[in-house]
Amino acid sequence: MIETLVDPSQLYSVISFSFPTNFKFLGANTRLKFESGSRTVRASSPAITTGKESDESHIFFSNRRRGLIFITALPFLLRHESMEVSGVKAAEPGEEEYLLLKKGIRKVLSKGKAAGVLRLVFHDAGTFEMDNSSAGGMNGSIVNELDRPENAGLRKSLKSMDFPLSVSWADIIAVAGAEAVSLCGGPNIPVQLGRLDSTFPDPEGKLPEESLDAPGLKQCFQRKGLSTQELVALSGAHTLGSKGFGNPTVFDNSYFKILLEKPWMSVAGMSTMIGLPSDHALMEDDECLRWIRMYADDQNNFFEDFKSAYIKLVNSGAQWKNS
């Protein structure tokens, strides 16, 4: 019988495993042994350490998840005759995988982390443009873009979701953003699984700039296939976090109510620091203002439109496993 020792961090280079016969542990959650015919494959899970914040993020985010992957995936391995292991794979779009992913996210997500996680979604998906569908969009490339100035602070949000599930980063981030909204009192947003991760960074300079005026914002979102209504609805996510639009851990329509008050026009202290220039710009556009007033008056309407726009956003530019 041929016996092979495999480090789980290297298992993505193996083509496939078959498990028609025996399967057993070799120690307390540290070794696995698979026997099939004349071949035995052993998988050890060594202790995993990580460096400081300045260490290479790719090593941190890939090796740890791969090193633990078999422990979490045992229920699936026992059900299936074989398991193909190639590059970074997306989860099957099944109900069980989706529920497992949501459960894993809820274990590490808190209301205080919600704004950062939602920002992670926007910065991964926001690189998509319709005239360049081969690059950009919800593809997990943000993992390779953390050193860009516009992504400052997102490394911490990504680390908070470092748990051992055999799904793509694109799926994890898309579902995590939806869970962040729900956790903070917003709508429940269903997210389809099956996205594939990109292996290279997206082009730079594709995210909306904070200094854009309303016409510039509308043109930017139009290039991404998003309407003015969807621009305004998605901007409502700024109700979370430290931008000054109501309770920083509650997802509601406070953003629109406070926009209508234009507190940044006041000379009274901290009120001048509420929101970004791009938030203020929405109030100077008649079409945007119409949606702002509607959402300020009707939170349920805002929730429904945000849900639809979010689903469209996280599907933008995605490459799907079964496509």
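Reader: To begin with, is Arg-223 buried, partly exposed or exposed?
Author: Arg-223 is partly exposed, with a relative accessible area of 41%. Buried means under 20% relative accessible area, exposed means over 50%, and partly exposed lies in between, with a 1.4 Å probe and protein chains only. Please note that this is a predicted model, in which local features need pLDDT of at least 70 and side-chain atom pairs count only at pLDDT 80 or more, while totals for chains, interfaces and linings use all residues. Residues are numbered from 1 along each chain as its sequence is written, and side-chain values use heavy atoms, with hydrogens and water left out.

Reader: With which residue does Arg-223 form a salt bridge?
Author: The partner is Glu-129, and the closest N and O atoms are 3.6 Å apart. A salt bridge here is a side-chain nitrogen of Lys or Arg within 4 Å of a carboxyl oxygen of Asp or Glu. This pair links distant parts of the chain, 94 residues apart: Arg-223 is in helix H6 (residues 214-223), and Glu-129 is in the loop between helix H3 (111-125) and helix H4 (154-159). Helices are DSSP runs of H or I with at least four residues, strands are runs of E with at least two, and both are numbered from the N terminus.

Reader: And Glu-129, is that buried or exposed?
Author: Glu-129 counts as buried, at 9% relative accessibility.

Reader: How many salt bridges are there in the whole structure?
Author: A search finds twelve. One of them joins the side chains of Arg-155 and Asp-147, at 2.8 Å from N to O. Arg-155 is buried at 12% relative accessibility, whereas Asp-147 is exposed at 69%.

Reader: Which residue pairs with Lys-307?
Author: Lys-307 forms a salt bridge with Glu-304, with 3.7 Å between the closest N and O atoms. Both residues lie in helix H11 (residues 299-315), three residues apart, or about one turn of the helix. In general, an α-helix has 3.6 residues a turn, so residues three or four places apart point the same way. Glu-304 is partly exposed, at 44% relative accessibility.

Reader: Changing topic: how many helices and strands does the protein chain have?
Author: The protein chain has eleven helices and six strands. Of its 323 residues, 49% are buried.

Reader: Which residues are buried in helix H8?
Author: In H8 (residues 254-261), the buried residues are Ser-254, Tyr-255, Phe-256, Ile-258 and Leu-259. Their cover includes helix H7 (228-235), helix H9 (277-282), helix H10 (286-297) and H11. Lys-262 follows H8 and has a positive phi, near 50°.

Reader: Which residues touch the most other members in the largest nonpolar core?
Author: They are Leu-158, Met-161, Ile-173, Phe-251, Phe-256, Phe-306 and Tyr-310, in a core of 63 residues. Helix H5 (residues 169-183) gives the most to this core, with nine residues. A nonpolar core is a set of buried Ala, Val, Leu, Ile, Met, Phe, Trp, Tyr and Cys residues joined through side-chain atoms within 4.5 Å.

Reader: What does Val-181 touch?
Author: Not counting residues up to four places away in sequence, Val-181 touches Leu-118, Gly-186, Pro-187, Ile-189, Phe-251 and Phe-306. Contact means heavy atoms within 4.5 Å. Val-181 is in helix H5 and is buried, at 0% relative accessibility. Val-181 and Leu-118 are 63 residues apart in sequence, with their C-alpha atoms 7.8 Å apart.

Reader: And where does Arg-148 lie?
Author: Arg-148 lies in the loop between H3 and H4. Arg-148 is buried, with a relative accessible area of 13%. Leaving aside neighbours within four places in sequence, Arg-148 is in contact with Pro-201, Asp-202, Pro-203 and Glu-204.
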